[in-house]
Structures are given as C-alpha cells and as structure tokens.
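I opened this entry to keep track of what I looked up, element by element. The notes follow the order in which I went through the model.

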Amino acid sequence: MNASSLSTASTAGQNLSAHPDSTSGPIGVARLLPPARITLWPEHQRYYGPVLPTSAPSLADLVRASGLRGRGGAGFPTATKIDAVASGGGRPRGAVVVANCCEGDPTARKDRVLITRAPHLVIDGALVAASAVGADRVVFAVHQGSRSGSTLRAALAERGAAATAVSVVEVPHRFVASEASALVRFLNTGDARPLGRLAPVWESGVDGRPTLVDNAETLAQLALIARFGERWFRSVGSPEEPGTALVTVGGAVPRPGVVEIGTGTTIRTILAAAGASPTGWALIGGLAGRWVDLAVIATTRFTTADLAAAGAVRGVGSIIVLPTNGCLLTETARVLHHLADSGARQCGPCIFGLPAIAADMSALAAGDRMALTRLRRRLPTIDRRGACAHPDGAVAVAASALTVLGGPESSHLRQHLSHHGCRAAAPVVPLGVVNPTRAVSR
Amino acid sequence: MNARSDNGVVLTVDPIACRAHGLCAEELPEGISLDEWGYPILPSRPLSRKLLRRAKSAAAACPVLALRVSRSRG
C-alpha cells in the first residue's frame, strides 16, 4: 500500500512541537488529524501557526482557487456557497455561520474524531467563514449530550472573547436534523424537521438572515486554506477534487477508525489502512449511501466523480464492510426500517413510502418473490418526491442493494427466495439512536 | 418537442402541505397521476400551454393550496 497517502487516527501520540514547516503548512496527508490531540489554544497556535487576517473577497477567491468541496455529504463547491451567502449578506443585518458538527449519519465518525483531535481548527474555520460572508454570529450545532459539544465549549472558553458572537447549540438526536434546512428551522423555532426546498437558507436562514451551513470537516479545511493557501491545498489529492479527506472505515475490519487520505486514494488502499482487503459487500457513503461489491470497486479512487461513476457515492465518507457471511438483505431491511422510523413524517413519500419499501425488503429477505416486483415498482415513485433528500437516500440504498444482489453474488438472493434462508452473521451497520422525529409541541 | 414547448406549464407541489386529497388529479388527469397512497405524481416536463387554464383549476381545487402553476421560461 501507499503509506504516504494515508494518515490514521489510531496513530499513537507523540510529543508535539511546532509543526516542522508551520509557515508553509503540513507536508503529506496528516493535515486535519494531528499526531495527538491539540485541545489547548496556545499549543494549537504553535502547531498550525496563526490565521493571518485576509480580506473577505480575497478569501472567497482563495477558496474558489482551492477547489474545496463540502464534506458533509452533498459535495457542493464551498466557494459557491460562500458567494451566495456573502451576496445575500449585503443587507443591513449580517449573515450567520452554522458549523454543522452533528454528524447525523451513524456510519460516520470523522467529524467527532476531528473535533476531539483538533477542535480549534474547526473553530478557526468557522471564524474564517464568518469573515468571508460578513457574519457577526457563529453557531456550532452539536448533538445533544455529545462529547463534541463539551470539547468545543472548552476550546471556545479558552480563546476568550471574540468580535463574533459564538454559541454552541445542542440539537436532538435525529437523522434528518443534520439536514441544513432542518438545522436552521431548529435554531429558529425548536422544530428540527426539514423545511423543504422552497426556502434556501443562504438567502433566509437563521433569524431570516443569509446563513452559511458548513460541515465541521469543511470548516477545518477552510482554516488550513486560509493559512497555507490554495497551492498548498492542491499539492495533495486528485486535481479535480484536491486536498485530503477524512474517511470512516467500520464494520467487519480488523482496525476500524478514521483515516485521512489524499483524495483520489483507491478503496483498496483505504481498506488496507483498516487492515482489510477488498472482498465482499460494503455500504459506502452513509445510511443513504450505496451498497457495493468491494472486489468490483477496489481500484476506484475515492473522489465524488469516480465513486459516482462506479455506482457508489461519496456521501459522508464512510465505508462499512460486511463480514464474509454477512447478509445484504437483512442489513438493508434494517437500514430501511431505521430510515422510515427516523424520517420527519411530513410528506407522503416519507410517511407511507419508506415503511412500505422497508417492509418489502424484510419480505424479500423472508423469501417473498413478489416483494422484488413491489420494490421495483415503488422505488421510482418515491424518489425525489419529498421536501428533503431523506426518502431519496432510502430509495438509493435499496436500489443499490438490488443491483449488487443481481451481480456476482446473486446466489445469495436465490438462497433467500428458495426459503433456505441464510445463516448470516449479526448485522454490522451502525444505526445509532432510533428516535422518531415528531413536531415539537410549543 | 417543438420550439414553443419552452413556454409550457410547470407544476410543482409543496410535499409538506400536500394531504393527498387527490382533487388535482381529477381536474388534470393528462398531467397528474396519483401514487398508491394518493399523492400526486407530477409530469417531469412542462405541459402544453393549452392546459394552462385546466392546470390553474387543478391548483385552485386543492383544499390546502399545495399545487403551484408557473410558466417555463424560454
């Protein structure tokens, strides 16, 4: 394997000194994850160096030239988002930056590892973003009772007063709550359900102000770009989607954890860092991701475009590997039931469609051949018909299961349909807290 | 499709507001069908402008005003 393209979060801590090259930025791919936790503010400044004040327009240019894309799931160009909020921020009242530190998808752990390792980097990034869009308020959204919340609070307290009003807000443990419009709605009203696609948050978000919602990893990348520049940022990773990325590898692997990779590293190399080889099935991109046959996708590079071309999705950057005797049908049914339970229950496709396809997948696992027909009919009628992307993700993960089952391992599906069942290992896909979203009574 | 089609009728539904009354599909069966739970499935392409008046009455028929009608821009 290409050792230089990986940095694992399980690396033992070393004594920290100033970074060997703190004026030009870290060399290699260990950028976001320092060798040991850096929670103290002076230590953070010694290691990464100070963020030099930059004017807002030049910061936006810098981000555009860096080619940074959002790391929360959608992979949207960060500069485009900054521009949209900055132009909306021309109004009398300033914009708001929301740092999404919730990591709502239970298959991913990268943001909480990042916040544990380098909380000040995420804070730096949020403040840099605030100056880029003209925001006078920054909100760190964390899950209720999470360690990320206490870590960020301690780090913020240590930095002392700032010109920007900064707060840490705890949001309920709900899958849809990490959706940008749901976060904004929660901050405004206490109701954590998505708002729908009619009201873009970059125009009218928190308190009706233009709002930039960015994921924790995206902000940490921003903090480094502001320090070391776009040429440094682009010196690692694939040219079309440069830099490093945090990937969570879990499931049946010898060394589960979070790795920092140069974008464009192959699936095979990423798995090797977790002590695994590319065989069997895996869920890539989160609960709303895609099932893949690892042997087929082994040489695919971990970029948004290459994963999409291979029928996968980058999503939240997680790879959950099934054991060799794992069952794709049982796992998918479990994921679908979870997604049905954790939806916002606002739209028809979510209220009726998701429970229906979850039941179909369970029936298929129980040997009901007609369930396959029902799924093929229902999946397209649910896709893209909700107010948010929650049902679309469920449809995509279900459809990918059917595709992969029709591949080289189709004997597994036949086994189920002939009622021989399967002696599968216990499910490995983490589902997190199951907590149906309901309207908050006020 | 001819060049005139870019001036067609575009239907959008607010999926949060929609309560599956199904009246829109009765008013405009050429453009709107219902899924198995009674929620409208809208055409993926703009409808002919000849259907504009009927589309407007479909929108007006919705008890919760979840259906919107607009013209596609050329």
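**Parallel sheet**

I began with one residue pair: A:Val96 stands opposite A:Arg137 in β3(A). The model is a predicted one, and I read every entry below with that in mind.

I then looked up the strands behind this pair. Strand β2 of chain A covers residues 95–100 and strand β3 of chain A covers residues 135–143. The two pair in the parallel sense, and I noted six bridges between them.

Next I asked in what order the strands of the open sheet run. The order is β4-β3-β2-β5 in chain A, four strands with parallel pairing. At the edges I found β4 (165–171) and β5 (211–215) of chain A, each of which pairs on one side only. Neighbouring strands of this sheet are turned against each other by 20° on average, direction ignored.

I also checked what lies across the sheet. Helix α6 of chain A, residues 147–159, lies across β3 and β4 of chain A. Its direction is at about 165° to β4(A).

**Hairpin**

I moved to strand β10 (residues 281–284) of chain A, which pairs with β11(A) in the antiparallel sense over four bridges. For A:Leu283 I looked up the bridge partner in β11(A) and found A:Trp291.

The hairpin of β10(A) and β11(A) has five residues between the strands. In this hairpin A:Gly285 takes a positive phi near 100°.

Which way do the residues of β11 of chain A, 290–293, point? A:Arg290 and A:Val292 point one way, A:Trp291 and A:Asp293 the other way. I noted that all of these are buried.

**Helix pairs**

I took α3 (residues 78–88) and α5 (residues 119–133) of chain A as one pair. Their axes come within 8 Å and cross at roughly 50°, so α3(A) and α5(A) are oblique to each other. On the α3(A) side the contact is made by A:Ile82, A:Val85 and A:Ala86, and on the α5(A) side by A:Ala129, A:Ala132 and A:Val133. I sorted the contact by class and got six nonpolar, no polar and no charged residues.

I then took α4 (residues 110–117) and α8 (residues 216–234) of chain A. They pack at an angle of about 45°, with axes 9 Å apart, and are therefore oblique to each other. From α4(A), A:Lys110, A:Asp111, A:Leu114 and A:Ile115 meet A:Ala216, A:Glu217 and A:Ala220 in α8(A). By class, I counted four nonpolar, no polar and three charged residues in this contact.

**A:Arg376**

I found A:Arg376 in helix α14 (residues 370–382) of chain A. Is A:Arg376 buried or exposed? The residue is exposed, because 12 other C-beta atoms lie within 10 Å and the exposed class takes in 12 or fewer. I also looked up A:Ile357, which is 19 residues from A:Arg376 in sequence and 9.7 Å from it in space, C-alpha to C-alpha.

**Totals and the second chain**

For chain A I recorded 16 helices and 12 strands. Of its 442 residues, 56% count as buried. Among contacts in chain A between residues at least 6 apart in sequence, I noted that 72% join residues at least 24 apart.

Last, I looked up how chain B meets chain A. Nine residues of chain B are in contact with 10 residues of chain A. The side of chain B that touches chain A has seven nonpolar, no polar and two charged residues.

Note on methods:
Residues numbered from 1 in each chain as written. Chains lettered and ligands numbered in written order. Predicted model: local features only at pLDDT ≥ 70, side-chain atom pairs only at ≥ 80, totals over all residues. Contact = placed C-beta atoms within 7 Å. Nonpolar A, V, L, I, M, F, W, Y, C, P; charged D, E, K, R; others polar. Pairing = 2+ DSSP bridges. Axes fitted to C-alpha atoms, helices over the stretch in contact; angles between N-to-C directions. Buried ≥ 20, exposed ≤ 12 C-beta atoms within 10 Å, placed from the backbone. Parallel < 35°, antiparallel > 145°, perpendicular 65-115°, else oblique.
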